[in-house]
Amino acid sequence: MTLQVQEADFNVQALYEDLQVKNRTGAVVMFVGLVREFNERAHNDATDADHCFELEHYAGMTEHNLKHIIDEASQRWSLLDVCVVHRYGKLALNDQIVFVGVSSAHRAEAFLACDFIMDYLKSRAAFWKKETTPAGSNWVESKQSDSDSLKRWES
């Protein structure tokens with residue numbers, strides 16, 4: 001298991017290679033989240049340089065929450081390895097934010113576990129998001145749809 005919360009960008013190819021357990025891996029499923037615009041820019045006086053996304057986290061608590069999510073996924077499915085890398089700090093449009101990768105002997109388990117980890121990460125990891133545009137800065141509120149996604153995993 002790899003779990004990293006960091007400011008630095010990550011190398012998707014290297015993380016993918018680390019997920020391959022020699023002679024046992026039948027599937028690797030990965031998700032890479034990118035910074036996107038949350039609010040439409042006004043008819044475009046703004047440029048990408050005018051748009052900033054900032055992630056803050058509660059060190060220690062964030063890692064604890066992420067480890068708990070990974071442990072729960074590992075209890076539900078037969079996984080060979082899991083990798084979660086989440087960035088914090090100031091990020092620009094199209095920067096990588098998060099990597100979730102899961103390896104398993106079978107694809108179905110890898111897909112389900114990756115989806116589960118992302119759903120819980122979006123709602124239960126201790127990250128706060130702030131968007132800055134020429135119109136000002138605002139904290140991004142959690143979406144009801146993220147909370148609703150968790151309901152399908154309850155049983």
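**Sheet and core, a quick chat**

Reader: How many bridges join β1 to β4?

Author: Five, and β1 and β4 (residues 79-87) run parallel. Strands here are DSSP E runs of at least two residues, and helices are H or I runs of at least four, numbered from the N terminus. This is a predicted model, where local features need pLDDT of at least 70, side-chain atom pairs count only at pLDDT 80 or more, and totals for chains, interfaces and linings use all residues. Residues are numbered from 1 along each chain as its sequence is written, and side-chain values use heavy atoms, leaving out hydrogens and water.

Reader: Which residue is the bridge partner of Thr2 in β4?

Author: Cys83.

Reader: And what's the strand order in the open sheet?

Author: β1-β4-β6-β2, with mixed pairing; two strands pair if DSSP finds at least two bridges between them. The edge strands, β1 (2-6) and β2 (27-34), each pair on one side only.

Reader: Switching to the core: which residues have the most contacts inside the largest one?

Author: Leu66, Val84, Val100 and Ile117, in a nonpolar core of 32 residues. Such a core is a set of buried Ala, Val, Leu, Ile, Met, Phe, Trp, Tyr and Cys residues joined through side-chain atoms within 4.5 Å. Buried means under 20% relative accessible area, exposed over 50%, partly exposed in between (1.4 Å probe, protein chains only).

Reader: Which element gives the most to this core?

Author: α3, with eight residues.

Reader: What does Val100 touch, leaving aside neighbours within four places in sequence?

Author: Its contacts (heavy atoms within 4.5 Å) include Val29, Phe31, Val84, Ile117 and Leu121.
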